[in-house]
Amino acid sequence: MRYIRARPCFAAFASSPPLRTLAVCLSPARRASIPSRPVTVIFVARRTFQTVLSRSAAAKLSSQDMETVDTSARLSALRALMRERKVDIYVVPSEDSHASEYIADCDARREFISGFSGSAGTAVISLEKAALATDGRYFNQAAKQLDSNWLLLKTGLQDVPTWQEWTADEAAGGKIVAVDPTLISSSIADKLNESIKKSGGAGLETVTENLVDLVWGAARPSRPNHPVVLQPAKYAGKDTAAKLVDLRKDLEKKKSAGFVVSLLDEVAWLFNLRGSDITYNPVFFSYAIITQDSATLYIDSSKLTAECQGYLADNKVLVKPYGELFVDTKTLATVAAAAAEGATTPLKKYSISSGKASWALKLALGGEKFVEEIRSPVGDAKAVKNETELNGMRNCHIRDGAALIEFFAWLEVQLVNKKAVLDEVEASDKLEELRSKHQDFVGLSFDTISSTGANAAVIHYKPERGNCSVIDPNAVYLCDSGAQYLDGTTDTTRTLHFGTPTEAEKTAYTLVLKGNMALDMAVFPKGTTGFAIDSLARQFLWKYGLDYRHGTGHGVGSYLNVHEGPIGIGTRKNYIDVPLASGNVISNEPGYYEDGAYGIRIENIVIVREVKTKHSFGDKPYLGFEHVTMVPYCRSLIDETLLTPEEKKWLNDSSKDILAKTESYFKDDPLTHSWLVRETQPF
């Protein structure tokens, strides 16, 4: 008998505590590759919101997600469809029609066609070749998962073309490139079309029926349709009516006819609703159109509880079926075109989210003439948390910190004292169990990265049940994990060593820690971007000729997506344009990775706050960070000789704060309390 692992999913009640559920949400590539041998599949009705699989049963579930998938038959079928439609090159993005980073299984088209399961990447298939582009987080994973049909484009490396450049080069000689217009942003489509034509290609065309879906056929998972619940005021801090007032003021300043909300987390935040259509992200499939006199939510109304329907009605929100969004946008385009005839003054345009809204959405609204792309005002507002949300983030990180402290103490005892044999997944299971006992816990916020030794050097390593490493107490152990609570979202990384670390490991850890502290202690004028301060976290590594291939920080939602735009700290172009603001919640996570040996990352969640300075040059307020993560640092990995007095004071103050805020959780747990006291001793 073979078991197939069910991914954990979550849901929350408005009137009762959240319950953990397990649902059959197989990896699409895994689902499609199930052989015809006898297989037992355990199905779970998520709408019952009952845990029907015990942990012992779940422990038997296995996964082969990291195995190479033979894509020959899929590519052959896709190319046959391309020939039928006179398409020479077909682009398969990672995203769904809402530009989601994390997607439902039914939207994992790039994974299905390529076999690569990382969250970032683009597949491009010609009639003769196939290429997969991804960034430095996934180079190792992609190399393992792609079969011989594929060329791996390592984005960001010197002399390696981007997927757009590769596509344009392949299109030379008048070839036609096509894409599903719901899965690519209009800005990327425009630039790609221009590049293709410059290279001698025919251009970029739309194919409204997704060709990968046709290859996938009946094996493609159905679209999730799970219940949506209300996020009450005690957690949201602001009702929908007030948010709509602010949004309409912003649209009036921009002289916009209205705004089409296409990102799922923005819809959830605007209407104070939460769902579970996408694993780890409390969102639901929906759109919205906001004008000066109307607010329309496009969603399957069967998902809404009576409480949600009443709340929306009270806030003057009209509910229409999800599928009617494109019908209504085309109607708006028709009306705008009619009004434009003979108009003597410029008409107000509808706005969509620049770089995020789909090409299909822009075309449905009438194209360039009737649409303006702007940075989402909903995204900007969502990124600045109110005091209720900020207090929720502080409180949930204390509870989450207590769970991590208990886990690390338990893990040390198991590995060192009891000489237990534990693999990476067994450890992550224990951590989830410890988190689940805390107040307002809903579920995880992403797959736990539980990694030992060389696995820790894989930036987005994902241990697979039955196919992962046993934790070595004499090697570095990196744990990057997070949870969803009703009052906030957490994301914490700690790197530990349960034996005697090497000098190289201690040096690398301390340099990363120094970068984390430098960023945490930074003070900067209002208007400063995350791009401008990224080097603060890298400076000590740079002095040793070291660096890391990922950003230093990402925005974090309030019981929403663990990765939240538009803010971040790093070298991405969009981080140049968006200044940090008081109320932003963001990660601080420098690292270093020695391929084949070990990886170091230290991640805290910080709140951007206004700080008092002796002077105020230019009459500008100055900003700094308040860290809310409450987990100690690994003392055995710290080389004290590399620390300045200021850094030692920061560490001592931080340790004192962590001890004060978490030790009450361990009054009946002397083992964990002893570990906590030891790890927070002053330097």
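With a disulfide taken as a pair of cysteine sulfur atoms within 2.5 Å, the count comes to 0 disulfides. The model is a predicted one, in which local features need pLDDT of at least 70 and side-chain atom pairs count only at pLDDT 80 or more, while totals for chains, interfaces and linings use all residues. Residues are numbered from 1 along each chain as its sequence is written, and side-chain values use heavy atoms, with hydrogens and water left out.

The sulfur of Cys479 lies 13 Å from the closest cysteine sulfur, that of Cys634, which is too far for a bond. Seen from the other end, Cys634 has its closest cysteine sulfur in Cys479, at 13 Å, and this too is too far for a bond. Burial is judged by relative accessible area, where buried means under 20%, exposed over 50% and partly exposed in between, with a 1.4 Å probe and protein chains only.

| Residue | Relative accessibility | Class |
|---|---|---|
| Cys479 | 1% | buried |
| Cys634 | 6% | buried |
| Asn455 | 15% | buried |

Over the protein chain, buried residues make up 57% of the 683 residues. Helices (H or I, at least four residues) and strands (E, at least two) are DSSP runs numbered from the N terminus, and the secondary structure of the protein chain comes to 22 helices and 30 strands. The radius of gyration of the protein chain, taken over C-alpha atoms, is 25 Å, close to the 26 Å that the globule rule (2.2 Å times the number of residues to the power 0.38) gives for 683 residues, so the chain is as compact as a globular protein of that length. Along the principal axes, the C-alpha atoms fill a box of roughly 75 × 65 × 55 Å. Where contact means heavy atoms within 4.5 Å, residues 24 or more positions apart account for 71% of the contacts in the protein chain with a separation of 6 or more.

Helix H16, residues 387-417, has 31 residues and reaches 44 Å from its first C-alpha to its last, close to the 45 Å expected at 1.5 Å a residue, the expected span being 1.5 Å times one less than the number of residues. Of its 31 residues, 24 are buried, so H16 is largely enclosed by the rest of the structure. After H16 comes Lys419, whose phi is positive, near 55°.

Strand E10 (residues 256-261) has 5 of its 6 residues buried, so this strand is likewise largely enclosed by the rest of the structure. Two strands pair if DSSP finds at least two bridges between them; E10 runs parallel to strand E15 (residues 349-353), to which 3 bridges join it, and Gly258 has Tyr350 as its bridge partner in E15. With strand E12 (residues 287-290), E10 pairs in the antiparallel sense over 3 bridges, and there the partner of Phe259 is Ile290.

An open sheet of 3 strands has the order E17-E20-E21 with antiparallel pairing. Its edge strands, each pairing on one side only, are E17 (441-444) and E21 (488-489).

Finally, Asn455 is found in the loop between strand E18 (449-452) and strand E19 (476-481). Leaving aside neighbours within four places in sequence, Asn455 is in contact with Glu424, Tyr461 and Ser469.
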